[in-house]
Amino acid sequence: MGNVRELLGSRMGPTTVKLDTGRGGTPDLTTQDIAAALAFVQQGLGRELLEALWWPESAARRRDQLRQGVIGLVAPEFNRQQFALSTARTEFGIAKASMGWGGGSVTEGQRKELRRTEIALEAARAGAWPNNTMEQLGVLAGAVFSEMATACSCKKCDGGRTQPAADGLGVTKCEECGGSGFEPLSGRKRASAIGADCSAYSRFWQPVYTWMLGRMRAMEEAAATEFGRALTRAA
Ligand SMILES: [Zn+2]
């Protein structure tokens with residue numbers, strides 16, 4: 001798949017490039033063919049990332065679209081968490097107020113409800129990204145993008161994402177890279193990339209960082225697959 005991505009990088013270079021379709025053929029493709037194939041890739045963050053990573057000339061022109069794509073990915077999830085947190089807080093408040101409401105005696109059911117809503121509130125708090133996630137989005141996106149751009153293949157699975165299963169039958173997800181196929185950056189490097197210290201990264205920022213990295217990688221990969229298919233049709 002690196003092959004079709006590299007085609008984008010060579011887009012501004014020679015007028016024709018060879019495409020290894022994986023079937024032994026290496027037909028000539030013109031830059032027009034490549035541009036046309038790219039137009040077949042569904043618009044969205046995946047395609048923006050594909051272009052930004054592999055076709056830097058285009059990335060400079062499409063900075064706004066890339067920004068909009070990142071916002072469109074992260075903001076709905078942030079809103080969902082904030083809504084879940086606020087709902088859990090409301091339910092905990094109601095449970096607390098209901099204890100012995102109007103001078104009545106506290107029932108076992110009320111105690112149970114208070115405990116239930118308290119646990120739910122704790123879970124919602126633990127699952128929520130930092131309050132200033134949206135303010136930090138530009139920095140986070142830049143760091144994630146840079147990790148995507150410079151990532152090396154996982155040494156253990158060589159980018160294959162799998163390892164032989166323990167029972168000797170078939171394969172299982174590579175433990176080293178969590179099945180991403182890439183060697184993850186250390187927490188220290190990620191922390192420094194977002195201007196936080198190590199403990200702030202692991203306590204607050206790691207969940208949103210790894211969520212963004214996983215989603216953005218998957219979207220870019222889906223776009224690269226679509227691009228590869230369109231190129232094969234053009235070839
Ligand atoms: Zn691996």
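I started with the second largest pocket, where α7 gives the largest share of the lining, five residues. My helices are DSSP runs (H or I, at least four residues; strands are E, at least two), numbered from the N terminus. A pocket, on a 1 Å grid over the protein atoms alone, is an open set of points where a 1.4 Å probe fits, with protein on both sides within 12 Å along at least five of seven lines; lining residues have an atom within 4 Å of a point.

Before going on, I noted that this is a predicted model, where local features need pLDDT of at least 70 and side-chain atom pairs count only at pLDDT 80 or more, while totals for chains, interfaces and linings use all residues. Residues are numbered from 1 along each chain as its sequence is written, and side-chain values use heavy atoms, with hydrogens and water left out.

**Second largest pocket**

I got about 150 Å³ of space here, a volume being the space filled by probe spheres set on grid points joined across faces, edges and corners. Its lining includes L49, L66, V70, L137, F145 and M216. I saw that α5 (63-98) and α7 each put in at least two lining residues. By class, I got eight nonpolar, two polar and one charged; Ala, Val, Leu, Ile, Met, Phe, Trp, Tyr, Cys and Pro count as nonpolar, Asp, Glu, Lys and Arg as charged, and the others, Gly among them, as polar.

**Largest pocket**

Which residues lie nearest the centre of the largest pocket? I found R5, W54, M148, F182 and E220, out of 16 lining residues. The space comes to about 260 Å³. At least two lining residues each come from α3 (45-54), α7 (137-150) and α9 (198-234). Domain 1 (2-63) and domain 3 (137-220) each give at least three, with bounds from an automatic or database domain assignment. The class count is six nonpolar, five polar and five charged.

**α3 against α9**

I then looked up how these two helices pack: the angle is about 85° and the axes are 7 Å apart. So α3 is roughly perpendicular to α9. L45, L49, L53 and W54 are among the α3 residues that meet α9, whose side includes M216, E220, A223 and F227. The contact (heavy atoms within 4.5 Å) has 10 nonpolar, one polar and two charged residues.

**The cavity**

In a cavity the probe fits but cannot get out.

Conventions
Axes are lines fitted to C-alpha atoms, for helices over the stretch in contact, and angles run from 0 to 180 degrees between N-to-C directions. Angles under 35 degrees count as roughly parallel, over 145 as roughly antiparallel, 65 to 115 as roughly perpendicular and the rest as oblique.
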